[in-house]
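Good morning, and thank you for the time.

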Amino acid sequence: MEQLTKEQFIKAFKAQLHTDYLVDNSEATAEEHFRTLGKLIKQYVMSDWLRQRDEIIKEQKKTAYYFSIEFLPGKMLQTNLLNLGIYDLVAEALAEINVDLNILVEAERDMALGNGGLGRLASCFMDSLPTIGAPGFGNGIRYKYGLFKQRIVNGYQIELPDAWLPSEGSVWETKKPHSAVDVKIYGSVYLTPQEDGVLKPVYENVKTLHAVPYDVIQIGFNNGVVNNLRLWDVELPEKYELDYQTLADRRRVEDITSFLYPDDSSRDGQAMRLIQEYFMVSAGLQTIVSSYAKMQLPMEKIHEKVAVHINDTHPAMAVPELMRILMDDYGVDWDDAWATTTQVMSYTNHTVLSEALEKWDAGLFKEIVPRIHQIVGEIDRKFVKEWAGKVDTGIIERTRIVQNNQIHMANLAIIGGHSVNGVAKLHTELLIEDVLKEFYILFPEKFNNKTNGIAQRRWSQIANPGMSALLDDLIGKDWRSNIHELSKLEEQLTNSDVQSSFYQVKQANKQKLADYVKKTLDIALPVDAIFDVQVKRLHAYKRQLLNVMHIIKLYQDLKANPELDMTPRVFIFGAKAAPGYHFAKSVIKVINELANLINYDTSLNDKLKVVFLENYNVSLAELIVPAADVSEQISTAGKEASGTSNMKFMMNGALTLATLDGANIEIKDAVGEDNIVIFGMDKDAVYAHYDKHDYNSRAIYESDQTIKRVVDAFIDGTIPNTHYEGHEIWDALVSYNDEYFLLEDFTDYAEKQAYISELYQDKHKWQAKVIKNIANSGRFSSDDTVEGYAKEIWGIL
Ligand SMILES: *Cc1c(COP(=O)(O)O)cnc(C)c1O
C-alpha cells in the first residue's frame, strides 16, 4: 500500500465528491462526505484485497470460513481508518477543508445484522482474523432490515424496522454478480442409477433462488491484510422467472433476505428461517468448493485446504450440504465424502438453555430441503448403526440427529464435525458434564474450550480515546499493537497521580454520557455518582430484574430515611427484548416506570437516578461502556455461556459485580478476588437445587421482611402504571417459584452493592482496583481467541 499524504487525500476526496454527487465540498451533506470517504478507503485497500485473494489461490493456503447467521459490526468508518493507520491523517486533512470527521462518523448507520453477543463476537473475530494475518473469511446474510429499532413510548418497547441499508448499498460492500450461484429449495428428489450404477439425484418442481454475494472489506490492523466478509443476497433468477409469476411470489423470494429474526435465545419456528439458513449455507459452500476445485486437488482432501466453522447451530446444514455437493456434483462416494466433511467442519456451542437448542420438524425440513433431508436421514442411520452394541442404546437414542420426527441441529453439528467448543471455561465444563455429556462419552476428543474475546481496538482505542491517550503517556504506545503491554500498569496501581488521571478520564467519559442522556431524555445525571450499568439483551436469566429489586430497596430505604448517607447512584440500562418475549417486555416497562418515579422525586436529593437508554446497539455501547464505574454481570450461575460485555467494561476500567458465571470467573482469575465483587450462588449451588428440587421462593418471600417489602412493591401501587406487569413479575417470583433464583441471591447482592458504595468513597482503593482491571484485560483480546481457533481447530496458522 502506498503512503498517503494529506494533499493527495484532499485532492482525491474533492474529486470523488464531484464525480459521485456533482457537489463542491462545502455544499455536500454529511452522508455524502461519509460515503465519499468510505469509497476512498475501499479504493485504497483494493490492491491488498486482491493480492490476498490471489495469494490464497496461488499458494494454495488453507482457509477458514466462519459461517454465522448473525454479524453485528456496528459502524466501520473509525475501525477502518484506525486499522489502516490513517486515522489522524484523514481527520487532519478533513479539518483543513472544514469537514469534521466526527460528523461523518455520526452519518454512518450501524450495521445491525445480529441480535447481541453472538453476532458481536462474530464481528470481533472478523476484525481479529486479518489482524493476526489469518486467512479467515465470514459468510452470512445481507439482511435488508437489521435488528429492529427500539423506541420507548409510555415506557413500552416499540419495534420499528431498522432500514440500515441505503438504496445505493453499503459503502463497505462490493457486489459480485459474476460470483452468483443458484440454490434449490422445495420440490422433490429421487435417486436414479446412472449407467455406471452410481445413484444420481433427480429434482422435480424445485424453486431456484439466485444467490448474489456482497463482499465487505475486513481490514487488519496496520499489516496490509484485507479479508472478506461475504454476505449473500437473494435475487430472482432470470432463467427461472416463470416460476415466480405473481408479485406475491416475487415478494416471498425477496423476503428471504429481508429480516434478521429478532430472537436470540429461542426459536420462533418460521419456515422462512430454515430457508435463510439453507440459502446461506448452500451459496457459501458451493462457492468454497468450486474455488477449491480450481486448485485441481482431489476432492477427498478438501479438508487440507478448507475449514468451515459453524457458529451456533444455524449453519449446521453445512454438514449435509457439503456431503451433497461432494457426492452429487463431484461424484465422491459416501465414505470419502463423510471422511473429509467431518474434518472440514467444526462447531461452537453458545448456550446451555435447552429451549434455545435448535430443532426442526422433520416434515417441514423434508418439504423445504428434500435432498438435505435424505442425507441427514442417512447420516443418522449410519450413526446409529456405527454405535449399536458399543454403547448403551439410551445414549444413541438421545444423541442421534432425528428423534421424534425432529431434526436436532446441535447433534448434526457435533456428529458431522471434528471439534465442538464452548465459549468460556465454565461453559465448556457444563457442556461436558451436563448438556452434551453423552456426546462426550462418544467423542471426548472433539471437545475443547475457546473463551470469547473482544476486538480491543474498537473497545479501547476507538471507544475510549481519553484512556488511550493516558495509556500512551504511562506505558508508551506499544499497547496499541500488543494489548498485553497493558500489564505494565501493574507497577502503577497505587501511584496517586496515575490514579487521579484515570479518575479524570472516567469522569470525562461520564460527562459525555450525561450530555447524551440530557439531550435524549432530558434527565440530568450527577457525574459524581456511581454509574452502575447493565446493558445487554433483556432475558430472564440475565436478571435485569435483580438489579431492579435492588433499586427498589434503595428507593424504599431513602423514602423511609431521606437523610440516609448514601453514595449517589445512577443506574443505567439498555436492552432490547425479543418482540414475542412478553415477560422481558414487562421488565422494560417496569424499569421505565420506576425511572419516572425516582427521577422526578425531589425528596431523593439526586441520590438515585435510573435511565433506560433506548435502542441499545454497538454505537451506544461504545458511548456507555467507557462511562461505567460498575459492570453488572449478574446472570444465574451456569446460564450465561460467556458474556463479552463483561470484558469490554473491564478493559475500560469498570469494576465487575458478578456471579460466578461464564467469563466472569476468568475475569476473577485475572484480577484476583479483591478486584472484582462476586456474589450469589455458584453453579454447584444452582445445580444442587435442580437435583434436590428444594428451592422454595415463597418461603424466602415470607420469611425475609426486606425481600417481601421489595417484591410487594411490584403489586402495591408503588410503581405507577404497572398493574399488569407488576403482577406478572410478582407471580414469576413468588407463585411460579422464581426460576432464576433472584430471591435467594438478593440478600448477598444487596450487601455487595452496599460494599461497592462504601468502596467508592475511598478513591485510592477504588482506582487501584480500576487500574488492576485494565492492566489484566489484555487476555480477553479476540486476537488471542481467534489465534486459538486458527491453530487448534482450523489448522490455518
Ligand atoms: C457486547 C455486546 C453484547 C453482548 O453483551 P453481553 O452482556 O455479553 O450479553 C450485546 N449487544 C451489543 C450491542 C454489544 O456490543
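What follows is a short walk through this model, which is a predicted one.

Let me begin with the ligand. Its shell consists of 15 residues, and the closest are Lys536, Lys542, Thr644, Ser645 and Lys648. By class, that shell divides into five nonpolar, six polar and four charged residues.

For Lys536, a side-chain N or O atom is 2.7 Å from an oxygen atom of the ligand. For Lys542, the distance from a polar side-chain atom to a ligand oxygen is 2.8 Å. For Lys648, a side-chain N or O atom is 2.6 Å from an oxygen atom of the ligand. How much of the ligand's accessible area does the protein cover? On its own the ligand has 390 Å² of accessible area, and the protein covers 96% of this. As to the elements involved, α6 (residues 117-131), α22 (618-624) and α23 each give two or more residues to the shell around the ligand.

Lys648 belongs to helix α23, which spans residues 645-651. Is Lys648 buried or exposed? Its relative accessibility is 6%, so Lys648 counts as buried, the cut-off for that class being under 20%. Leaving aside residues up to four places away in sequence, Lys648 touches Arg120, Ile454, Trp459 and Val625.

For contrast, consider a lysine in another helix. Lys14 sits in helix α1, residues 6-21, and counts as partly exposed because its relative accessibility is 37%. Between the C-alpha atoms of Lys14 and Leu37, which are 23 residues apart along the chain, the separation is 9.9 Å.

Ser631 is in strand β23, and with 0% relative accessibility it counts as buried. Which residues does Ser631 touch, beyond those up to four places away in sequence? They are Val533, Asn646, Phe649, Ala654, Leu655, Thr656 and Leu657. Ser635 is placed in the loop that runs between β23 (630-633) and α23. Although it is a loop residue, Ser635 counts as buried because its relative accessibility is 4%. With residues up to four places away again left out, Ser635 touches Tyr541, Lys542, Arg543, Glu640, Thr659 and Asp661. Lys542, in that list, is also among the closest residues to the ligand.

Helix α22 is the location of Leu623. At 16% relative accessibility, Leu623 counts as buried. Its contacts, not counting residues up to four places away in sequence, are Lys512, Leu513 and Tyr516. Leu623 and Asp691 are 68 residues apart in sequence, and their C-alpha atoms are 43 Å apart in space.

Turning to helix α18, residues 465-475, I note that its buried residues include Met467, Ser468, Leu470, Leu471, Asp472 and Ile475. What covers the buried residues of α18? The cover includes α17 (456-462), α19 (496-521), α23 and α30 (763-775). Just after α18, Gly476 adopts a positive phi of about 80°.

That brings me to backbone geometry, and to two further residues. Most residues other than glycine have a negative phi. Gln296, which is not a glycine, has a positive phi near 55°. Gln296 lies in the loop between α8 (271-293) and β13 (306-311), and at 70% relative accessibility it counts as exposed. Asp606 likewise has a positive phi, near 60°, in a residue other than glycine. Asp606 is in the loop between α21 (582-599) and β22 (608-612). Its relative accessibility is 43%, so Asp606 counts as partly exposed.

Definitions and conventions:
Residues are numbered from 1 along each chain as its sequence is written. Side-chain values use heavy atoms; hydrogens and water are left out. Helices (H or I, at least four residues) and strands (E, at least two) are DSSP runs, numbered from the N terminus. Buried means under 20% relative accessible area, exposed over 50%, partly exposed in between (1.4 Å probe, protein chains only). Contact means heavy atoms within 4.5 Å. A residue is near a molecule or strand if one of its heavy atoms lies within 4 Å of it. A polar contact is a pair of N or O atoms within 3.5 Å; within protein, one must be able to donate a hydrogen and the other to accept it, and residues adjacent in sequence count only if both atoms are side-chain atoms. Accessible areas come from the Shrake-Rupley method with a 1.4 Å probe; for residues, only the protein chains shown count as cover. Ala, Val, Leu, Ile, Met, Phe, Trp, Tyr, Cys and Pro count as nonpolar, Asp, Glu, Lys and Arg as charged, and the others, Gly among them, as polar.
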